[in-house]
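These are my notebook entries on a structure I went through step by step. I wrote down what I looked up and what I found.

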Amino acid sequence: MLEIKNITVCYGDRPTVRDFSMNLKQGQIASLVGESGSGKTTVIRAVLGLLPGGGRVSEGDILFDGKSLLQNTPMEWRKLRGSEISMIFQDSGAMLNPIRRIGDGFVEYIRTHEEISKQEAWKKGTAMLEKMRLAGAENIMQSYPFQLSGGMRQRVGIAMAMTYDPKLLLADEPTSALDVTTQAQIVRQMMELRDTYGTSIIVVTHNLGVAAYMSDNIVVMRRGQIEDQGDRAHILSHSENAYTRTLLDAVPSLGGLRYV
Amino acid sequence: MFDQNEIVLEARHVTRRFPTASGKLLLANNDINLKFYKGKTLGLVGESGCGKSTFMRFLVSLDTPSEGEILYRGQDITKLKGEALRQNRQNIQMVFQDPNASFNPKMKIRDIVCEPLLNFGRIRKGEKDAACRRLLEMVELPGDFADRYPHNMSGGQRQRVAIARALALEPEILIMDEATAALDVSVQKTIVELVTKLQREKEIAIGFICHDIALVQSLSHQVAVMYLGTIVEVLPGEDLWKKARHPYTRALIGSVFDTHMDFSVPIQPLQSEVPSPLDTPPGCPFQTRCDHCTERCRRERPTLKTIGQGHEVACHLYNEEYKR
């Protein structure tokens, strides 16, 4: 469904990501792991055409359902973003306008995608929050972002991203800002999205435990290039790549290595 | 398991309330009793907002508790003022989560790590170069980093500088507040290795605040689990995952994503969220999220009971006192 073919992404003249390729089938979850600055976020931003500050894909191609995304006009992007491909950010609270209620932001979001009245959009938003198992949906619609906890804000972000039942969901460090128990809830919810709606998901994360739990495929990145790539069992147990092993060994584990 | 004569710092009945705009009181710390032993690490785990940083701030005298005392070598440091307070700061130092925010960006590394030494007259200005080199070597950084600015360094290197600065005065106690949370796992590992090595060499007592229970158990001699301002369980770090009893500790352990876990078993996260510390109900603080909640839990607050060697738990499910 999604094919990334040997892309190179440059900011200015300097290539940040070089020769990156991956494929994703419908209903698969893939994760990009690596240390900070390895180019994980750049890759998924390139997929959505959201490279900041003069970034561009200088080589290669990105195909979504067989059609190249790189030649898209702004109008075509508008149709695609939020309906076919959606994104969840590290802190969905930062994506919401802090001085407007969740509901107002949500209504605006819905009304940029379809022509319906504000009342209908409000209803649709509330229904969506309920579908994502947020208790007291009407209450949340009336709240300001700062009144919600980090986990609730993240669920609002997921609800907004899932409104139009996208084929592809891009998640940029969706659980990094959350507590461990909330992280487990969000991870589980994202896996349920895949099981219920068949959504394909690309997760960018530095948490190898989360990546291992969620993904069918794992891509390990380092300095803008693919260091290692394969299905979960391969990466976790059979990979002979030294860097992958270093990363895996560094993950603290209960009952694992003790330093004292 | 710990020598009672080796207690360097002890918190007794520490309670902290913050007044809020609505006139209510926010109970951030509720009757906390903890002991720090020479050369040992106490790990403090809990979710954000549970009061772990509030507590650690008392230890470094950045804030004072509403009630209770903190004894450093028998002296209550919460009552210190003026020069006595300043002198006491040499004994207890801190490493913060974000080294960027805790350094002056316009100071060179040499000035950053030598500032405490100059403040307490331990060295003269002419000795800065040698002192800085010695401190950087201690944290395994090249000596020529002295001329760099914090922005010229990576996150891991900056955290090493922060450790060098904190240990410059050779304190007996080091408080690390989420000191590895902003780092990549591989860098986190090297920092943990460095800290544990320095601890063995210098016999420092460490207070390690962290939300990652897997990391905490890997480096702590004793672990305290905190929930809504209350310590719910204290136990030795080794075998924590086998011996932990409190339902909240078990839930934390159940939420850890591990690369060695069985992926076919769905993870069982705690549903619901932490209640607001503004209106903590009577009874057990964990009652709203606990699967084993009974009538008694809603009525009566459980107190810490010793159920094993160095193992205390505050839960009505565990009542048999441990006999020595």
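This is a predicted model: local features need pLDDT of at least 70, side-chain atom pairs count only at pLDDT 80 or more; totals for chains, interfaces and linings use all residues.

The entries below go from the domains and the chain contact to sheets and helix pairs.

**Entry 1: domains of chain B.** I looked up the domain assignment of chain B, which gives domain 1 as 4-91 + 171-313 and domain 2 as 98-170. Taken over C-alpha atoms, the centres of domain 1 of chain B and domain 2 of chain B are separated by 29 Å. I then asked how many residues each domain puts into the contact: domain 1 of chain B gives 13 residues, and domain 2 of chain B gives 13 residues. On the side of domain 1 of chain B that touches domain 2 of chain B, helix α7 (residues 185-202) of chain B gives the most, with seven residues. By class, I found that this side of domain 1 of chain B has 10 nonpolar residues, two polar and one charged.

**Entry 2: chain B against chain A.** Turning to the contact of the chains, I noted 36 residues of chain B in contact with 33 residues of chain A. On the side of chain B that touches chain A, at least two residues each are supplied by α7, α8 (213-219) and α10 (247-254) of chain B. Which element gives the most to that side? I found α7(B), with seven residues, and α7(B) also gives the most to the side of domain 1 of chain B that touches domain 2 of chain B. The residues on the side of chain B that touches chain A divide into 16 nonpolar, 12 polar and eight charged.

**Entry 3: helix α10 of chain B.** I next checked which residues of α10(B) are buried, and the list is Pro247(B), Tyr248(B), Thr249(B), Ala251(B) and Leu252(B). The buried residues of α10(B) pack against elements of both chains, namely α8 (180-197) of chain A and, in chain B, β3 (41-45), α8, β9 (222-227) and β10 (230-236).

**Entry 4: strands of chain B.** I followed strand β1 (residues 7-19) of chain B, which runs antiparallel to strand β2 (residues 25-37) of chain B and is joined to it by nine bridges. Within this pairing, Leu25(B) in β2(B) is the bridge partner of Pro19(B). The two strands, β1(B) and β2(B), form a hairpin with five residues between them, and in the turn Gly23(B) has a positive phi of about 90°. I also found β1(B) joined by five bridges to strand β4 (residues 67-72) of chain B, again in antiparallel fashion, with Leu71(B) as the bridge partner of Glu10(B).

**Entry 5: the sheet of chain A.** In chain A I traced an open sheet of four strands in the order β2-β1-β4-β5, with antiparallel pairing. Why is one side of β2 and of β5 left without a neighbour in the sheet? Because β2 (14-24) and β5 (67-68) of chain A stand at the edges, each has a single partner strand. Strand β1 (residues 2-11) of chain A pairs with β2(A) over seven bridges in the antiparallel sense, and Phe20(A) in β2(A) is the bridge partner of Ile7(A). Helix α1 (residues 40-47) of chain A packs on the sheet, where it touches β1, β2 and β4 (55-64) of chain A, and its direction makes about 65° with that of β2(A).

**Entry 6: a helix pair in chain B.** Helix α4 (residues 109-119) of chain B packs with helix α5 (residues 128-138) of chain B at an angle of about 100°, their axes being 9 Å apart, and α4(B) is therefore roughly perpendicular to α5(B). I listed the contact residues as Arg110(B), Val113(B), Cys114(B) and Leu117(B) of α4(B) with Lys128(B), Ala131(B), Cys132(B) and Leu135(B) of α5(B). By class, this contact of α4(B) with α5(B) has six nonpolar, no polar and two charged residues.

**Entry 7: a helix pair in chain A.** Helix α4 (residues 102-113) of chain A and helix α5 (residues 118-131) of chain A pack at about 110°, with axes 9 Å apart. The residues in contact are Gly103(A), Phe106(A), Val107(A), Ile110(A) and Arg111(A) of α4(A), and Lys118(A), Ala121(A), Trp122(A), Lys124(A) and Gly125(A) of α5(A). They divide into five nonpolar, two polar and three charged.

Notes
Residues are numbered from 1 along each chain as its sequence is written. Chains are lettered from A and ligands numbered from 1 in the order in which they are written. Domain bounds come from an automatic or database domain assignment. Two residues are in contact if their C-beta atoms, placed from the backbone, lie within 7 Å. Ala, Val, Leu, Ile, Met, Phe, Trp, Tyr, Cys and Pro count as nonpolar, Asp, Glu, Lys and Arg as charged, and the others, Gly among them, as polar. Two strands pair if DSSP finds at least two bridges between them. Axes are lines fitted to C-alpha atoms, for helices over the stretch in contact, and angles run from 0 to 180 degrees between N-to-C directions. A residue is buried if 20 or more other C-beta atoms lie within 10 Å of its own, exposed if 12 or fewer, and partly exposed in between; C-beta atoms are placed from the backbone. Angles under 35 degrees count as roughly parallel, over 145 as roughly antiparallel, 65 to 115 as roughly perpendicular and the rest as oblique.
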